[in-house]
Amino acid sequence: MTDITIIHNPRCSKSRQTLALLEEKGLSPVVVQYLKEPLNASALKDIFKKLNLESVREMMRTKENEYKDANLGDETLSDDDLFNAMEATPKLIERPIVIKGDSARIGRPPESVLEIL
């Protein structure tokens, strides 16, 4: 049983590279394909805490059309608004995210996830 999870999109090269890096280290993470198994706002909040980021937007794909179309750059939006947007549109979640225990890292670059292993 593993205590490592990867929030993964198999169509994303960085996500594939990060998964391959974990496997090269002899790890077998739990793979969550978040586009097929959407994360709810509560799970996203938990991941955000583990990422230890300053802003919720740091775990969002701010260059996606969906981000721009929904005007998610509006600074008056609350964190809850942003978590709800990611729940409703999982494509907005930055990927990959590797979680181990109480820590998480975004795999950009893939090697950054090694900090928590």
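I begin with a salt bridge between K91 and E64, whose closest N and O atoms are 3.5 Å apart; the term denotes a side-chain nitrogen of Lys or Arg within 4 Å of a carboxyl oxygen of Asp or Glu. Helices (H or I, at least four residues) and strands (E, at least two) are DSSP runs, numbered from the N terminus.

The model is a predicted one, in which local features need pLDDT of at least 70 and side-chain atom pairs count only at pLDDT 80 or more, while totals for chains, interfaces and linings use all residues. Residues are numbered from 1 along each chain as its sequence is written, and side-chain values use heavy atoms, with hydrogens and water left out.

Returning to the pair, K91 is partly exposed at 37% relative accessible area, whereas E64 is buried at 15%. Here buried means under 20% relative accessible area, exposed means over 50%, and partly exposed lies in between (1.4 Å probe, protein chains only). Both residues belong to a network of salt bridges that links R61, E64, E66, K91, E94 and R108. By this rule, the count comes to nine salt bridges.

Two further pairs deserve mention. R57 forms a salt bridge with E75, at 3.9 Å between the closest N and O atoms. Because R57 lies in the loop between α2 and α3 (65–69) and E75 in the loop between α3 and α4, the pair ties together parts that are 18 residues apart in sequence. R57 counts as buried at 15% relative accessibility, while E75 is exposed at 64%. The other pair is K50 and D46, whose side chains meet at 3.4 Å, N to O. Both lie in helix α2, four residues apart, about one turn of the helix.

Which residues have the most contacts inside the largest nonpolar core? They are M59, M86 and I97, in a core of 24 residues. A nonpolar core is a set of buried Ala, Val, Leu, Ile, Met, Phe, Trp, Tyr and Cys residues joined through side-chain atoms within 4.5 Å. The elements giving two or more residues to this core are α2 (41–51), α4 (79–88), β3 (97–100) and β4 (103–106). Of these, α2 gives the most, with five residues. Leaving aside neighbours within four places in sequence, M86 is in contact (heavy atoms within 4.5 Å) with L44, V56, M59, M60, L92 and I93.
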